[in-house]
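Let's take a walk through this structure together. Have a look at the sequence and the 3D view first, then read on.

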Amino acid sequence: MGMMGKTMDDFLIRALIGGIGVAIISGPLGCLVVWQRMTYFGAALSHAALLGVALGFFLEINPALSILLVSILVSCLLLLMERYHQLASDTTLGILAHGALAIGVIILGLMPTLRIDLMSYLFGDILTIDWKDVIWIYLGGVTIMLILALIWRPLLSLIIQKELALVDGIKETRIRVAFLFLLSISIAVSMQVVGILLIVSLLIIPAAAARRFSTSPEQMAIFSIVVGVTSVVLGLWMSLGFDTPAGPSMVFSASVIFGFSFLAKKRN
Amino acid sequence: MGSLSDHHVMDSEHKNAPPLLSLHGISVQRQSGFLIENITLTVQQGEILTVVGPNGAGKSTLVKVSLGLIEPDTGHVETTPNLKIGYVPQNVDIDETFPITVGRFLQLNDKHSHYELLRILEQVNAENLIYSPLQAISGGELRRVLLARALLKKPELLILDEPTAGVDVSGQAEIFTLIQAIRDQQNCGILLISHDLHIVMAGTDKVVCLNRHLCCSGTPEHVQQHPEFIALFGQSHATKFAIYAHHHDHSHDSRGRILHSHEIDNGDDGENHG
């Protein structure tokens with residue numbers, strides 16, 4: 001992540017473009033997480049991403065790629081558990097996710113030559129992202145938006161009433177696997193921006209703040225993007241002006257916007 | 001279960017037409033045992049079939065098999081070709097954070113004109129709800145909206161899962177009236193599932209009593225006197241069994257005794273496993 005020889009403006013522009021990309025991805029996905037009451041699922045999945053980070057170092061591949069692989073693996077395991085045990089409870093979710101987190105930390109600890117700053121993975125390090133990272137974010141973003149456009153309506157139907165959707169011929173497994181795949185991509189590309197501990201906040205807080213202004217699902221998705229982008233910009237500004245860590249500053253900004261949303265009259 | 005004739009044109013004399021839906025010896029088995037065992041029943045065009053049974057009797061399994069959502073372990077399900085089924089589920093469970101109006105809900109999967117939506121909502125007395133959030137309407141209103149959604153599909157068979165559960169007495173009356181009107185106007189077949197043993201709607205042609213296996217079936221009057229029905233729900237429940245008639249404020253039991261609606265409603269809520 002060579003910052004040498006680059007101007008101050010350069011890294012700021014990258015952080016801004018990358019952060020905005022993540023906020024755009026997180027808007028609609030965050031709404032879907034909130035509507036499906038999957039906050040804990042999202043948190044667990046993102047915590048497991050630390051195993052992805054460790055594997056990235058171990059196998060010497062791009063961490064975004066290894067995080068994606070681990071997230072998909074964990075999602076598939078959870079889907080299978082749900083299929084054979086009726087439902088994956090919070091407990092099994094926690095065991096799987098934190099087991100993976102622990103293995104990740106152990107692997108990192110076993111690599112004596114590696115000196116990494118764990119904090120930057122836990123809370124993000126957006127100011128150090130390079131153009132390759134930005135390209136990853138936008139490639140992921142385009143993939144997410146394309147697939148999301150395809151599964152949006154059937155997924156909404158499933159959320160409202162599963163049996164009605166099934167009777168209408170909607171393929172539940174296919175849609176749910178696709179959604180978990182999108183969630184995995186978003187975790188992989190968000191990791192560097194806000195860190196694995198705060199990914200889920202960037203998903204759910206803008207969605208929650210947008211709720212009071214929205215009368216339709218699409219409106220809420222768009223307002224979530226607006227709140228997310230605003231939080232990223234405010235967070236970066238705060239980070240520069242007051243030398244606060246960037247990721248937590250973005251989440252803090254989003255929380256403040258959420259607080260202010262209560263002043264608005266609920267529309268629906 | 002008349003013999004299946006080759007022509008599928010529904011004539012007015014529906015008894016001669018093949019049934020819309022027939023279940024032949026359906027069993028569904030899970031590790032815990034049979035959910036339903038050897039169920040055979042048919043629904044004809046223009047017929048209302050009510051399935052009553054206590055909780056855990058396999059009613060929802062029966063619905064899922066009829067809808068084609070569960071493959072039975074034995075037996076087979078037969079429908080007329082390209083049968084259009086309208087399904088009214090028991091409930092929707094949407095999070096408060098999901099912003100959706102009744103109007104949008106009705107056309108989530110298929111586009112319908114605003115006029116069409118209003119017309120169908122009028123049919124279920126819910127036209128004033130078109131802009132209401134789905135979470136903000138009452139249980140009875142929700143049931144009518146779900147009914148409207150099913151009607152938009154112009155169904156030949158309506159499957160109603162506990163359409164009056166959790167609805168107050170006047171709301172129940174309204175829903176029963178509606179169901180009967182829909183049957184009379186559209187001449188569709190109706191499969192109605194109910195755990196409410198005390199009230200079986202007046203328009204019901206046939207009652208099937210389910211307790212994993214098929215206890216008994218026949219006209220409402222026949223079923224309520226059946227020994228298995230009495231054994232299952234107890235004598236007191238069986239005698240309280242009433243037939244809801246929508247043009248009156250009361251109904252009659254088998255001996256012609258008048259049952260007022262509060263009497264109909266004041267028994268246990270039918271969850272008694274005799």
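How much area do chain B and chain A bury between them? About 2400 Å², and 57% of that is on carbon and sulfur atoms.

## Ground rules

This is a predicted model, so to speak of local features takes a pLDDT of at least 70 and side-chain atom pairs count only at pLDDT 80 or more, while totals for chains, interfaces and linings use all residues. Residues are numbered from 1 along each chain as its sequence is written, chains are lettered from A and ligands numbered from 1 in the order in which they are written, and side-chain values use heavy atoms, with hydrogens and water left out.

## Where the chains meet

The size of an interface is often given as the accessible area lost when the parts come together. Here, buried area is the accessible area (1.4 Å probe) that two parts lose on being put together, summed over both. Chain B brings 27 residues to the contact and chain A brings 24, where contact means heavy atoms within 4.5 Å. On the chain B side, B:F98, B:P99 and B:L108 lose the most area to chain A, together 26% of what that side buries.

There are also 6 salt bridges across this interface; the term means a side-chain nitrogen of Lys or Arg within 4 Å of a carboxyl oxygen of Asp or Glu. A:D168 and B:K153 form a salt bridge, with their closest N and O atoms 3.4 Å apart. Sort the residues on the side of chain B that touches chain A, and you get 14 nonpolar, 5 polar and 8 charged. In this sorting, Ala, Val, Leu, Ile, Met, Phe, Trp, Tyr, Cys and Pro are nonpolar, Asp, Glu, Lys and Arg are charged, and the others, Gly among them, are polar.

## Chain B as a whole

Chain B has 9 helices and 13 strands. These are DSSP runs, numbered from the N terminus: helices are H or I with at least four residues, strands are E with at least two. Of the 274 residues in chain B, 54% are buried, meaning under 20% relative accessible area (1.4 Å probe, protein chains only).

## A spot inside chain A

Now find A:S184 in helix α8 (residues 172-194) of chain A. Is A:S184 buried or exposed? A:S184 is buried, with a relative accessible area of 0%. A:S184 touches A:L45, A:L68, A:S71, A:I72 and A:S75, leaving aside residues up to four places away in sequence.

Terms used: Buried < 20%, exposed > 50% of the residue type's maximum accessible area, 1.4 Å probe, protein only.
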